Amino acid sequence: MTPDEAAAAAALAARCAQRYDDADAPDFLLDAPVIAHELPRRLRTFMTRARLDERPHALVVRGNLVDDVSLGPTPAHWRSARTPGSRPLSFLLTLYAGLLGDVFGWATQQDGRIVTDVLPIKGGEHTLVSSSSRQELGWHTEDAFSPYRADYVGLLSLRNPDRVATTLAGAPVDELDERTLDVLFQERFLIRPDDSHLPANNSAVQRTWAEFDDIVRAADQPEPVAILTGHHTAPDLRIDGDFSAPVEGDEEAAVALETLRELIDTALYELVLDVGDVAFIDNRRAVHGRRAFQPRYDGRDRWLKRINVTRDLHRSRQVRADGDSRILGQR
């Protein structure tokens, strides 16, 4: 964006931060898609056209304003990441998301927050969740286990001093033989929830066990699904490198899955999100992950705001408490 466009977007977000209690306040979430049409026209044109293009793995908007001094130190944990300095940026990310669809959260992720935080947490360096650091975050479709997963995953970079790369890759359909492609389109695979949905990664005092019932069920008794769906030349991709497996005893499915894994490993490329960069990853057509890095724990670590976007909020109605709720799994 031009400096004038970035300033206009920041000013709009700042006005929202003054008017509404939080970026996940119900009244703001209702108003955000309308307010988003006050964003600079060139940005709106780009987002509207790009969401209909089936080729990109991500939509990237560079040049957003982030005042490092006002932002303050990178928090030690996501629980303390709703800081005054980052507040307007949560509104900004939600406004951008409003150009693509409706935002939502999970009752089983970061205590049901709509805008979540990605930052390294001491003690979790080698985990399989986004708060890891020394362990590479393996490529995955976000919440691949769920039929209600996001269509887009939005990331706003607040700080990335070591230029840690996000990794991306699409479905390498041109490199798959016809039989392997056919197998991947069949419901012969199991995908379990990733560790970010576990009670241990939430605040137990604020969560009820009922909210984790669906996660436990999906982990213990996953339903067979297809890895690829839709059109054979431009399929939707649904896979998690760490949490996907063939149906037990299905050797042909195992070979097809391993072939796809190897091709994605080869195709993986890097996208560095510098300060002020916003990326909306197409969660239907691309997997994403993150390279390993050495955490600092000095207030200067990598910090991103993250949001889930769906094109059809009604799709998840049966797992939301009521029609107004944006939280999946809430009882």
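Predicted model: local features only at pLDDT ≥ 70, side-chain atom pairs only at ≥ 80, totals over all residues.

Colleague: Let's begin with helix 2. Which residues of helix 2 are buried?

Modeller: They are F28, L29, A32 and I35. The word buried stands for a relative accessible area under 20%, so each of these four falls below that cut-off.

Colleague: What makes the buried residues of helix 2 line one face?

Modeller: Look down the axis of helix 2: the buried residues fall within an arc of 125°, so they line one face of the helix.

Colleague: What covers the buried residues of helix 2?

Modeller: The cover includes helix 1 (3-19), helix 5 (87-97) and strand 2.

Colleague: Now the cavities. Why is a space called a cavity?

Modeller: Because a 1.4 Å probe fits there but cannot get out. Counting those of 30 Å³ or more gives four cavities in this model.

Colleague: Which residues line the second largest cavity?

Modeller: The lining is made of L29, A32, P33, T94, G98, G101, D102, V103 and R326. Its largest share, three residues, comes from helix 2. L29 and A32 are also among the buried residues of helix 2. The volume of the second largest cavity is about 50 Å³.

Colleague: How do the residues around the largest cavity divide?

Modeller: Three are nonpolar, four are polar and two are charged. Among the lining residues are F104, R113, R306 and I307. Arg counts as charged, so R113 and R306 belong to the charged group. Strand 14 (303-310) gives the largest share of this lining, three residues.

Colleague: Last topic. How do you know that strand 8 and strand 9 pair?

Modeller: Pairing asks for at least two bridges, and strand 8 (residues 228-231) and strand 9 (residues 234-237) have four, so they count as a pair. The sense is antiparallel, and H231 stands opposite A234 in strand 9.

Colleague: What joins strand 8 to strand 9?

Modeller: A hairpin does, through two residues.

Methods: Residues numbered from 1 in each chain as written. Heavy atoms only, no water. 1 Å grid on protein atoms, 1.4 Å probe; cavity = no way out; pocket = protein on both sides within 12 Å on 5 of 7 lines; lining within 4 Å. Points joined across faces, edges and corners; volume = space filled by probe spheres on them. Buried < 20%, exposed > 50% of the residue type's maximum accessible area, 1.4 Å probe, protein only. Arc of directions from axis to C-beta. Contact = heavy atoms within 4.5 Å.
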